[in-house]
Structures are given as structure tokens and as C-alpha cells.
Amino acid sequence: MSTKTTQLSSWQTLVNLADEHKTTHIRDLFASDSERAGRYTFEAADLHIDFSKHRITPEVVAALTELAQQAGVETKRDQMFAGDPINVTENRSVLHTALRRPATDKLTLATESGPQEVVDDVHHVIDQMATFATAVRNGEWVGATGEKITAIVNIGIGGSDLGPAMAYQALRPHSDRDLCVRFVSNIDPTDVAEAVRDLNPATTLFIVVSKTFGTIETLTNARTARTWLTDALGADAVAKHFVAVSTNASRVADFGIDTNNMFGFWDWVGGRYSVGSAVGLSLMLAIGPDQFREFLGGLHDIDTHFRTAPLEQNAPVMMALLGVWYSNFFDAASHAVLPYSDHLARFPAYLQQLDMESNGKSVTAEGDVVDYDTGPIIWGEPGTNGQHAFYQLIHQGTRLIPCDFIGFAKPSDPIGEHHDLLMANFFAQTEALAFGQNHDDPARTFEGNRPTTTILSETLSPRVLGQLIALYEHKVFVQGVIWGVNSFDQFGVELGKVLATTIAGELADDTTGDHDSSTSSLISWYKNNR
């Protein structure tokens, strides 16, 4: 797909439908269709998803579905699951879905070194992780002084941090509460300093997560952590207190980590899709191997739904199409994700990377400049905090902001009436956004007609968290196919890194490089005041 996307017949149909529905109100759609709620409610594994509070009709859904078909979503989906190199700019397969396939599955990938049996390799690493995690959790693996490990510090950045950090917070009720788990990502020295400030080196294990073992932020933080450890326990302690998630054995060994304690992954796993790989080792340590496998099972549940459900009954496809509907035909520039669970506080940040790094592109996979909007701005906070902050803008502002509301029937901590009050707010907000309120005072008038998707499940379990992640992964994939962009490269993060490396050298040796006048002036001010 290329900029010809806008020339598809379904696209032109949607242009006309959007013009017809500019003034259509959600309350009128409900009034004219008593079966509307049931018509637009989907079941996907353990997720109950209500799309009825959207500005859609059967004609709109049919045109959106036709757009997916004309854009080749089904073909691209099948190519992804088969291991075809759909990451065309890097000539790589996209096989994060293989990380959660059952051990009985088979998937052979042709590589330069010969055929690779992908699923076998994946389960070999999962088993290696499980053996290690069990040894740490039961005290068989001990630190250099013979003491049991009681603290885990994951050092990574981007997908090597956001995924496991988000998932750990989400699954705290399922974790070993005697094990302290922390995450370091920011190169700001405060991040690593605060992470280790109250820890005991003799009982702390560091997991350094870097595919190439060359990421500047990660290696800088890892070296600082190593110094903190060796100052207390000596250089020989590194082998018992550091493990690596990487593919670069020589650099891991140079750092001082025993390569027997290196957990590998593959170039067909993008960082933002990698929490189900060895990148999730810290999560497995926290919740245990069995529950980690449940988490993988949840991811696979939605993979199966995405592969098999017809487009018009396919939950991630519908989420994607609704996003296209609002982004491209109603000029909605952002999308809010609003989990009514404090355990999902990091979920919007996780989705920011997943979505904005994947589809924040202005060039198609064929190299053509697009002439339509692609990835939206993703943002959000848990309810009910957001209600006392930005919901004013969502309800009465001038911008259309589609929202996803995520809630659960059972709380992790059943205390009094807390959860019922939380969910009362949850349901009230989606109702108010859709239907609004008339009032004599314009300041107290709510237009309504603000679209929301409601996602419910019984409880936030490891399996359900996996389902939520996969739901959004496949949503992002479908939108990327429709927009014709490659969702699996991220060249936009590289230029700043290259320039930062150059400037870091100038700051270290106090030289001055060739920069614009503003940057040169700012660097000079910093040198004079540091």
C-alpha cells in the first residue's frame, strides 16, 4: 500500500459517509436501534469489548471492513504469522507471535546459516529462563556471599524496560512480595542511584537487557551498577550478581558476565514487541515460570482470535478501523487509553511506544511520502485520577478524542465499596461522553457524541494482561497495513542518538563541534555552569 490508499474505492466511500455523519449523534444511533449494544459487542478470549458508543452504522462498518480487505490486511497478517520478511526496510521477519506459540507448533524460517526451527528455539530459551528463575526464587542461586537474592534490578531502555516494567506493575498481586523488583532506564544518574540506594549488594541481582549490548544508556547504567557492586563485594562478584539478555556473547563476556547466564533472543523480535521473550526475565522472576507461561498463553489467545475471526467480528481489526475512521475522516489527532486499575498505570506509556514508534511514519514502506495522517498521539492515566485532570477537555473541549476504557469485574484488593465506586465512575464516564447533557447554562451543557470503546474482563490476571497487550499489538499492525507504513522499523530514534554521541565527546574533551548557533550557545552555557 502507498499513497494510493486514498484512491481506494472504500476510502472514497468513507469520505462520503464521514460527510454524512458529521452531525449524527450517538444518542440518535441508540434511539433508532434497540439492538445496537449487542450488535457491536465482541468477545475475544476473556475480553468483553463494547464498540456501540462509536459514530458508526452498519454502512460505516461495511466500508471500513472493505478498506481492510482492499489494503490487504488478511494477506499481510498471514505473511506475518508465516515468517515472511514483512519488515521490508530491514529485510526481517516479524515473529513476536512465535514467542507465545505452543511447543507442539512448528515454524521453520530460512536464514543465512540454514533452516531455523523457530518454536523449538523459543521454548529452549523459555525453559532456560524457567530453570534460572526457579533457582533464584527457591534460593538455589545465591549471591557471592552465599546469601539468597532478594532484589532484582532490570537495566534496559525502550522495549527492554517499558514492557517488563509495565507488566510487573500490572501483575504485582501475582508476584512474590518477598522479592523487590526495580527498573532502571533513564541515563539521568538519579534513576540508577535511587534504584540501588537502599539495596544490599550481597542480595541484589542485575539483569542487563540489550540486544547488541551496545546501547549507550543501558551500558552506562550497567557500568555504574557494576561499580556499586564491586566496591562492596569485589570484581569476582559480578558473575553471581549480573545476567544478560542479549545476542552479543563477546560484549557480554567483556563486561564480566558469564555467557552461561546470557539469555538470547532474535532479530525478528522488535524491542517494543519483546516482553514475551527473554526481555521478560524480570517478570518471570517476579511471578514465576508457571504464571509467565499463562501470560504467554494470553498473548496467544488473541493471536488465534486475530488469525481466525472474520474481519467484521475481529476485535483488534475493529479497534484499528475505528482509529482510522477518526484519525483520517474526523481529524482526531490523539487517542486516550484510560485503565480503571491502578495496576495498569504504566499501560498507556507502554502503548505510546508500541503505537507511536510503530506507526509514527510519514513515508510508506515503498518510500512514498504519505498524503494522509498516520499514527495518533497515545496518552492516558488511570481512572479516577484523570477525571480530576484532563477529562474536562475530553468532555467539553474542541478536540475530538476517542477513548478506550479498560475495567475489571473483580478488584485485586477487595476493600469495602472502593471497587464499586471505581466502576460506577467508569460506566458513568462512557455514558456521559456518549450522550451528554442539555442545560440552560451553556457552561453546563455537554455535547456528548464523544466515542469510547469499553474493554472489560473478570480480573487482571497474567493471561488477561497478555490478551490486552496482543489486542493492541494487532490493532497497531492493522493500522500500519492500511496506512501502508512499515510498523516494524524505527529509524526516527536514530538521528538524535548519533548527534548525542558526537556532543558527548565534545563535552568530555571540552571541544566545540560544528553546530547551529542555538545549539552551540546552549552547549557553551552548559559547560560554563556544570
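Trainee: How many salt bridges does the count come to in this structure?

Mentor: Side chains of opposite charge can pair when their charged atoms come close. Taking a salt bridge as a side-chain nitrogen of Lys or Arg within 4 Å of a carboxyl oxygen of Asp or Glu, the count comes to 18 salt bridges. This is a predicted model, in which local features need pLDDT of at least 70 and side-chain atom pairs count only at pLDDT 80 or more, while totals for chains, interfaces and linings use all residues. Residues are numbered from 1 along each chain as its sequence is written, and side-chain values use heavy atoms, with hydrogens and water left out.

Trainee: Which residues are linked in a network of salt bridges?

Mentor: The network links Arg 100, Asp 303 and Glu 473. Arg 100 meets Asp 303 through their side chains at 2.7 Å, N to O. That pair links distant parts of the chain, 203 residues apart, with Arg 100 in the loop between α5 (73-82) and β3 (108-111) and Asp 303 in helix α13 (residues 289-308); helices (H or I, at least four residues) and strands (E, at least two) are DSSP runs, numbered from the N terminus. The side chain of Arg 100 also forms a salt bridge with that of Glu 473, at 2.6 Å, N to O. Because Glu 473 lies in helix α18 (residues 462-483) and Arg 100 in the loop between α5 and β3, this pair ties together parts that are 373 residues apart in sequence.

Trainee: Is Arg 100 buried or exposed?

Mentor: Buried means under 20% relative accessible area, exposed over 50%, and partly exposed in between, using a 1.4 Å probe and protein chains only. Arg 100 counts as buried because its relative accessibility is 5%; Asp 303, at 2%, counts as buried, and Glu 473 is likewise buried at 2%.

Trainee: What does the side chain of Glu 294 meet in a salt bridge?

Mentor: Glu 294 pairs with Arg 463 at 3.2 Å, N to O. Since Glu 294 lies in helix α13 and Arg 463 in helix α18, the pair ties together parts that are 169 residues apart in sequence. Glu 294 is partly exposed, with a relative accessible area of 37%, and Arg 463 is partly exposed at 25%.

Trainee: At what angle do helix α19 and helix α20 pack?

Mentor: Axes are lines fitted to C-alpha atoms, for helices over the stretch in contact, and angles run from 0 to 180 degrees between N-to-C directions. Helix α19 (residues 494-509) packs against helix α20 (residues 517-529) at about 40°, with their axes 11 Å apart. The contact, meaning heavy atoms within 4.5 Å, is made by Ile 503, Glu 506 and Leu 507 of α19 and by Ile 523, Tyr 526 and Lys 527 of α20.
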